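Trainee: Please take me through this model, one point at a time.

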Amino acid sequence: MTPEALRSMTFPRAPLTRRGYSEEAVHDALRRCAQALTALTEENDRLRADMQRHRDWIRANNIGDGGSPTGVPTVDAVLQQARAQQSAEQTVTAAREQARNMVRAARAQAEAILQQRWEQAAQSPENDQEETERLISYLRQVAQSLTVTADQYDTKRPAAASPTAPTAPPGP
């Protein structure tokens with residue numbers, strides 16, 4: 001029984017000896033409406049009981065933040081979380097790129113210093129060869145440490161053990 005069926009319902013006229021509509025047709029229509037209304041009321045009661053049972057379960061299991069009866073996050077919360085995730089990913093990407101640039105610059109600087117020391121050593125053999133070798137070793141350790149650090153930034157999970165940075169050689 002639908003509202004449209006009720007609106008379009010027609011009844012035959014009563015016999016000539018009576019006024020109004022046929023009593024039997026009206027009673028039949030009322031019985032069908034009562035059955036439909038009873039079914040809807042029973043379904044409504046069942047749904048209310050289900051809803052209350054779900055609310056009780058949610059309260060008993062401490063689900064939700066109290067603002068939303070089902071504990072399901074709101075659209076705004078999901079969008080905010082997505083924006084935060086995107087921002088975090090952009091920050092991590094920028095940090096990785098900056099680390100790569102720093103490693104490139106450090107390698108270039110180390111190579112330039114090495115080249116300069118080799119040239120100095122070749123031009124004046126009286127320089128302390130041992131000091132030059134120690135400085136070259138130190139610079140290689142720094143470059144290796146920077147490479148390991150950059151590799152750790154490139155992966156999602158950093159290595160469990162990272163080498164410690166070498167200590168600076170004593171000044172000349």
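Trainee: In which helix do R46 and D50 both lie?
Mentor: This is a predicted model, where local features need pLDDT of at least 70, side-chain atom pairs count only at pLDDT 80 or more, and totals for chains, interfaces and linings use all residues. Residues are numbered from 1 along each chain as its sequence is written, and side-chain values use heavy atoms, leaving out hydrogens and water. Helices are DSSP runs of H or I with at least four residues, strands are runs of E with at least two, and both are numbered from the N terminus. R46 and D50 are four residues apart, about one turn, and both belong to helix 2 (residues 23–60).

Trainee: How far apart are the closest N and O atoms of R46 and D50?
Mentor: An α-helix has 3.6 residues a turn, so residues three or four places apart point the same way. This pair forms a salt bridge, meaning a side-chain nitrogen of Lys or Arg within 4 Å of a carboxyl oxygen of Asp or Glu. For R46 and D50, the separation is 3.5 Å.

Trainee: With which residue does E97 form a salt bridge?
Mentor: Look three residues along in helix 3. The closest N and O atoms are 3.1 Å apart, and the partner is R100.

Trainee: Which residues do shared partners join into one network?
Mentor: E97 and R100 both lie in helix 3. The network formed by salt bridges with shared partners is that of R46, D50 and R53.

Trainee: Is R96 buried or exposed?
Mentor: R96 lies in helix 3 (residues 75–123). Its relative accessible area is 19%. Buried means under 20%, exposed over 50%, partly exposed in between (1.4 Å probe, protein chains only). So R96 is buried.

Trainee: Which helix do the buried residues of helix 3 pack against?
Mentor: The buried residues are R96, A99, V103, A110, L114 and A121. Contact means heavy atoms within 4.5 Å. They pack against helix 4 (129–154).

Trainee: How far apart are the end C-alpha atoms of helix 3?
Mentor: The expected span is 1.5 Å times one less than the number of residues. With 49 residues, helix 3 should span 72 Å. The model agrees, so the answer is 72 Å.
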